[in-house]
Amino acid sequence: MKDRVVLVTNVEHFVGRPVAAELSAQGATVVCHDRSFADAAAVGGFAAANPGLAVIREQLPAEIVAAATGKAGHIDVVVCNDAGAAIRAPIETASPEELRSALDEMVVFPFLLAGAVVPQMKRRRRGKILFITSATPLRGLPNYSIYVTARGAANALAVSLAQELGRDNIQVNAIAPNYVESPTYFPPELVGDPEALAKMTRNIPLKRLGKPEEVAALVAFYASDRSDFITGHVMPFAGGWA
C-alpha cells in the first residue's frame, strides 16, 4: 500500500475508522471525509486523535474529490463507507420521504462520488472503487425494505460500473457486511446485552458477530494490487448469514 492514496468517506461511521487505520498502517496515504467535518471542532478532535490521517471538510462529492486530490495529488482508491439509517417500517406504512433520503445517502452520494473520481483514474489507467454496502439485499430482511432497497441499488451500481470501467483498468467491488460490531448498527449497549446478543448470533452460522477490524483487513486486500484481477464482486461479510 506504500505510495497509494486512499479516500475514505464517512470515516466516523460504520467501519470507517478501522478501515482508515488499517490502510494507514499498511503505508497508504489516507484522506478522510465525514459529514461531521463541516464543523471545525469535529475536524480538530478527529485530527488530534488520528495524526496519521489527512482530513478534508468538503461535503459535496465533486468537492470532496477535488479537495482530496489537492491534498494528496491524486486518488488511487475510493472507499465509499456510506452509512444510512436502517429504518424499520412495514411496507404499508413505510415513508416515501425516508426512502428518498436513504437513496440519497446510500446510492446518489456514492454514484456522484464515483463519477467525480473516475476521470483521473482513467487518465492514470488505474484505480479502485470499493462500496461498503450490506449483505441484506442478498437474502432480504422483513420490514426493512427502505434500507435493503438502497443497499441493493449500491450493490448493483458496483456490478455495473465494473463492466463499464474494466477497460480502463479500474476495479469496482462491493463489500457487503451484516452482523458486524459497529457503533452505527450494532452499538456497544446492544452487543453488551447477553439476551440480545444470543438472539442475533443464533441467525449466524459462525455464531458470533464480526469485528470491524476484520472488515478493514478485507478492504485492505481489495485496495491492494493483489486484487487487480477481481472486479464486479459483491462480497458478503456476514458469517455465513447471506
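The largest nonpolar core in this predicted model takes in 49 residues, and L23 and V79 have the most contacts inside it. A nonpolar core here is a set of buried Ala, Val, Leu, Ile, Met, Phe, Trp, Tyr and Cys residues joined through side-chain atoms within 4.5 Å; buried means under 20% relative accessible area, with a 1.4 Å probe and protein chains only. Helix α9, residues 212-223, gives the largest share of this core, seven residues. Helices (H or I, at least four residues) and strands (E, at least two) are DSSP runs numbered from the N terminus. A second, separate core has 27 residues, I64, V118, F131 and A158 among them.

A quick word on bookkeeping: residues count from 1 along each chain as its sequence is written, and side-chain values use heavy atoms, leaving out hydrogens and water. Because the model is predicted, local features need pLDDT of at least 70 and side-chain atom pairs count only at pLDDT 80 or more, while totals for chains, interfaces and linings use all residues.

Back to L23. Leaving aside residues up to four places away in sequence, L23 touches M1, V6, V8, A28, V30, V79, A220 and A223, where contact means heavy atoms within 4.5 Å.

Now for the sheet. Seven strands form an open sheet in the order β3-β2-β1-β4-β5-β6-β7, with parallel pairing; two strands pair if DSSP finds at least two bridges between them. At the edges stand β3 (54-55) and β7 (234-237), each with a single partner strand, so one side of each has no neighbour in the sheet. Strands β4 (residues 77-81) and β5 (residues 127-132) pair in the parallel sense over five bridges, and N81 has I132 in β5 as its bridge partner.

Finally, the rings. There are six aromatic pairs, meaning rings of Phe, Tyr and Trp (its six-membered ring) with centres within 6.5 Å; planes under 30 degrees apart count as stacked, over 60 as edge-to-face and the rest as tilted. Y179 and W241 have ring centres 5.8 Å apart and planes at 75 degrees, so that pair is edge-to-face. The two residues lie 62 residues apart, Y179 in the loop between β6 and α7 (188-191) and W241 in the segment after β7; both are buried. Ring pairs also link F14, Y147 and Y185 into a cluster.

Terms used:
Buried < 20%, exposed > 50% of the residue type's maximum accessible area, 1.4 Å probe, protein only.
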